[in-house]
Amino acid sequence: MLQVVAIAADCLLETLKDQGFENIIENATTQGAPERIYLLGSDDDVTEVGVRFSGKFGGKIDGALGYSVRDIGGVAGDTETMGGSLSWLHGSGINLTGAYSTTSDDNPANPDADFYLAKLGYKIGRHAFDIHYMETEDRAEKGDSAETLGVGYVFTPIKWFETYAGYNNHSLNRSGADFDDVSTVLVGGRLKF
C-alpha cells in the first residue's frame, strides 16, 4: 500500500477506534474492482459500511469512504460518523492526500465535530518526505479548533522493513482559554508481514 494512503487511513482508523468502531466482519477484494469493507455490530450496537477504490488518473489514485452509526442511547441517541480520504501519487514522486470526517449525535448540547487532513509528499527511491496539516473543529467544545502541523520521513531499505521519523506541533484554540502548544517527535521502525 502506498505510504500516502497509510497516513490518511491511520488517521481515519484512529478516529474510528476512538468512537469504538473496530469490528470488521468482511473484507473482500477482487482484482480491478472496488474493495468492499463491511463492518457490523459490537457491544454498543454499531453499524458501519465502507468502500475503498483505486485506479489511474495522471498517476495512481486511492480513496475510501465510510459511514457508521452507533446507538449510545439516552439524550445522545445515535452517533453518526462519515468521512473519506483520497490520495494521489504522480510518477514523479509527488503525492497528495486529503481526508475529511464529521461526527454528530442527537444531543443539542454536543457540537458536531469535523476533521480535515491535507498532506503534500515526495517519494524518491526508498525515501519519502511529507508535510501535513490536520484540524479538528468542535471536538470537545463548540468553537474549539485543534491543529497539527508536521513533517515526516520514511526510509524503506528493504520491502518488508521501514524506518520513520517525524515532528508534529499540536495546538488547541478555545475561547476564554490559553493552552500551550505541544511538540512531539516520533522515531521508529515497522516490519511488514
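User: Is F129 buried, partly exposed or exposed in this predicted model, and what is its relative accessible area?
Analyst: Start with the cut-offs. Buried means under 20% relative accessible area, and exposed means over 50%. F129 falls in between, so this residue is partly exposed, with a relative accessible area of 40%.

User: In which strand is the place of F129?
Analyst: The elements are numbered from the N terminus. By that numbering, F129 has its place in strand β8.

User: Which nonpolar surface feature includes F129, and about how much accessible area does the feature have?
Analyst: F129 is one of the residues that form a nonpolar patch on the surface.

User: Which strand gives the largest share of the nonpolar patch?
Analyst: Several strands take part. β6, β7, β8, β9 and β11 each supply at least two residues. The largest share is three residues, and they come from β7.

User: How many aromatic pairs does a search of the whole structure find, and what is the geometry of the one between Y100 and Y116?
Analyst: The search finds two aromatic pairs. In one of them, Y100 and Y116 sit 5.3 Å apart, centre to centre. Their planes are 50 degrees apart, and the pair is tilted.

User: Which strands does the pair of Y100 and Y116 link, and how many residues apart are the two?
Analyst: This pair links distant parts of the chain. Y100 is in strand β6 and Y116 is in strand β7. They are 16 residues apart.

User: Are Y100 and Y116 buried, partly exposed or exposed?
Analyst: Buried would need a value under 20%, and exposed a value over 50%. Y100 has a relative accessible area of 33%. Y116 is at 32%. Both values lie between the cut-offs, so Y100 and Y116 count as partly exposed.

User: Why is the pair of F129 and Y153 called tilted?
Analyst: Planes under 30 degrees apart count as stacked, and over 60 as edge-to-face. The ring centres of F129 and Y153 are 5.1 Å apart. Their planes stand at 40 degrees, so the pair is tilted.

User: How far apart in sequence are the parts that F129 and Y153 tie together?
Analyst: F129 lies in strand β8, while Y153 lies in strand β9. The pair therefore ties together parts separated in sequence by 24 residues.

User: With which side chain does the side chain of T148 make a polar contact?
Analyst: T148 has its place in strand β9. At 11% relative accessibility, T148 counts as buried. Leaving aside neighbours within four places in sequence, its contacts include H132, M134 and N168. The polar contact, at 2.9 Å, is with the side chain of H170.

User: How many helices and strands are there, and what percentage of the 193 residues count as buried?
Analyst: The protein has one helix and eleven strands.

How values were computed. Residues are numbered from 1 along each chain as its sequence is written. This is a predicted model: local features need pLDDT of at least 70, side-chain atom pairs count only at pLDDT 80 or more; totals for chains, interfaces and linings use all residues. Side-chain values use heavy atoms; hydrogens and water are left out. Patches are made of residues with over 30% relative accessible area and no salt bridge: like charges are joined within 9 Å, nonpolar side chains (Val, Leu, Ile, Met, Phe, Trp, Tyr) within 5 Å. Accessible areas come from the Shrake-Rupley method with a 1.4 Å probe; for residues, only the protein chains shown count as cover. A salt bridge is a side-chain nitrogen of Lys or Arg within 4 Å of a carboxyl oxygen of Asp or Glu. Helices (H or I, at least four residues) and strands (E, at least two) are DSSP runs, numbered from the N terminus. Buried means under 20% relative accessible area, exposed over 50%, partly exposed in between (1.4 Å probe, protein chains only). A polar contact is a pair of N or O atoms within 3.5 Å; within protein, one must be able to donate a hydrogen and the other to accept it, and residues adjacent in sequence count only if both atoms are side-chain atoms. Contact means heavy atoms within 4.5 Å. Rings of Phe, Tyr and Trp (its six-membered ring) pair if their centres lie within 6.5 Å; planes under 30 degrees apart count as stacked, over 60 as edge-to-face and the rest as tilted.
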